[in-house]
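Colleague: Before we discuss the fold, please show me the sequence and the model. I shall then ask about strands, a pocket and charged pairs.

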Amino acid sequence: MGIVGMKKILLVSNYVFHYRQKVYNYFSDRFHDDGYEFHVLAPEYQQVDYELKFTAHTQKFSVLSYLREIKRIKPDAVIVFLHLKDVVQLPVIYYCRLHKIPVIFWNKGTSDTDPDSRWKNAVYHHMHNMCDALITYTSETHRNFTKKNQEKLFVAWNTVNCTDIDKSKYDKKALKEKYKIKEETVVLYISRMRKDKHIEVLLDILSGVPNIAVVAMGAGMTPELEKKFKSASNLYYLGQKYGEEGDEVWAMGDIFSIPVNCGLGINEAIFWNLPIVTMKGYQPPEIYYVKDGKTGFILNSEEEYKETLLRLASDRKLLETMKDECQKEYEKEVSIDKMYQGFIDAIHYACK
């Protein structure tokens with residue numbers, strides 16, 4: 001049963017990570033203010049230590065189970081947030097079309113790994129055509145959608161929810177003592193340690209460098225990486241941390257660096273006013289927020305990458321200037337208010 005007089009928005013997803021659950025909690029409050037209940041349908045949710053404000057539905061990740069659940073929930077609009085490989089995606093869109101439920105496609109609009117694939121782009125464009133509205137990540141991902149679909153395309157600046165964090169309460173010196181970080185400057189690597197992110201490049205470059213600590217947090221430790229962390233006293237691995245402990249690690253940082261494929265860590269780094277240092281190569285849409293020379297640097301080679309990390313770590317004036325730029329960028333484009341506005345605009349358009 002829903003709330004009398006409230007319409008229902010249903011987000012159809014695959015596995016829901018912890019950072020998305022925080023976003024959806026924020027959305028739930030905002031949707032409620034705008035007259036909607038917010039529901040999420042997914043096969044599984046990452047375990048978190050806080051209450052979920054949205055209505056979470058868990059179903060086996062199959063076409064029939066998803067369609068049956070949509071029929072039971074009776075949403076007034078459906079947002080599809082799935083990968084091309086998820087076989088439930090097209091049936092969900094067709095089901096919504098058949099039953100006259102406004103359907104909204106939320107994605108980058110093309111394949112991350114194979115953006116030039118004709119058949120993949122044909123499937124994407126077909127889905128775009130079928131949907132009543134489209135949501136994309138940044139103004140730069142507009143180009144992944146055809147001209148005829150631009151009118152129904154809305155930008156929801158993809159980000160994370162940091163509205164519950166009070167940065168002013170953290171004492172950086174005390175936190176460094178707590179985690180036994182001895183070096184003056186802290187370079188953070190916060191992400192899964194997947195091969196395509198090449199954390200070993202960062203470790204090799206800064207291993208043994210005086211007064212610079214590399215502090216890593218995230219899943220994916222391997223025996224090879226473990227050896228690297230143990231090879232130098234200025235390399236620290238803190239495991240997986242979320243919530244308050246995760247925020248403590250962010251609060252210790254001076255610089256954020258993932259060699260390539262930075263992910264949503266870019267958004268959190270900008271919230272914490274940490275300039276980003278990375279390299280050219282595959283980067284997510286959020287690389288848009290790295291304004292070269294202002295909120296960070298996107299380098300051409302490992303040599304430039306090392307040189308820039310060392311320069312930024314030693315030049316406190318430049319570091320403070322870039323921290324100020326990060327704060328401006330967060331307020332201008334990275335805050336979750338901007339993301340929500342894209343969603344509510346798309347919903348209003350689809351349901352008009």
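Colleague: In which sense do strand S8 and strand S11 pair?

Modeller: Please note that this is a predicted model. Strand S8 covers residues 185-190 and strand S11 covers residues 255-257, with two bridges between them. The sense of the pairing is parallel.

Colleague: Which strands stand at the edges of the open sheet of six strands?

Modeller: The order in this sheet is S10-S9-S8-S11-S12-S13, with parallel pairing. Two strands each have a single partner strand, so one side of each is left without a neighbour in the sheet. These edge strands are S10 (235-237) and S13 (296-299).

Colleague: At about what angle to S12 does helix H10 run?

Modeller: Helix H10, residues 302-314, lies across S8, S9, S11, S12 and S13. Its direction relative to S12 (276-279) is given by an angle of about 170°.

Colleague: Which residues lining the second largest pocket are the closest to its centre?

Modeller: This pocket has a volume of about 300 Å³. Its lining comprises five nonpolar, six polar and four charged residues. Of the 15 lining residues, the closest to the centre are Thr141, Arg143, Asn144, Gln283 and Pro285.

Colleague: How many residues apart are Lys22 and Asp164?

Modeller: Lys22 and Asp164 form a salt bridge, with their closest N and O atoms 3.1 Å apart. Lys22 belongs to helix H1 (residues 18-33), whereas Asp164 lies in the loop between strand S7 and helix H5. The pair thus links distant parts of the chain, with a separation of 142 residues.

Note on methods: Residues numbered from 1 in each chain as written. Predicted model: local features only at pLDDT ≥ 70, side-chain atom pairs only at ≥ 80, totals over all residues. Heavy atoms only, no water. Pairing = 2+ DSSP bridges. Helix = DSSP H or I, 4+ residues; strand = E, 2+ residues; numbered from the N terminus. Contact = heavy atoms within 4.5 Å. Axes fitted to C-alpha atoms, helices over the stretch in contact; angles between N-to-C directions. 1 Å grid on protein atoms, 1.4 Å probe; cavity = no way out; pocket = protein on both sides within 12 Å on 5 of 7 lines; lining within 4 Å. Points joined across faces, edges and corners; volume = space filled by probe spheres on them. Nonpolar A, V, L, I, M, F, W, Y, C, P; charged D, E, K, R; others polar. Salt bridge = Lys/Arg side-chain N within 4 Å of Asp/Glu carboxyl O.
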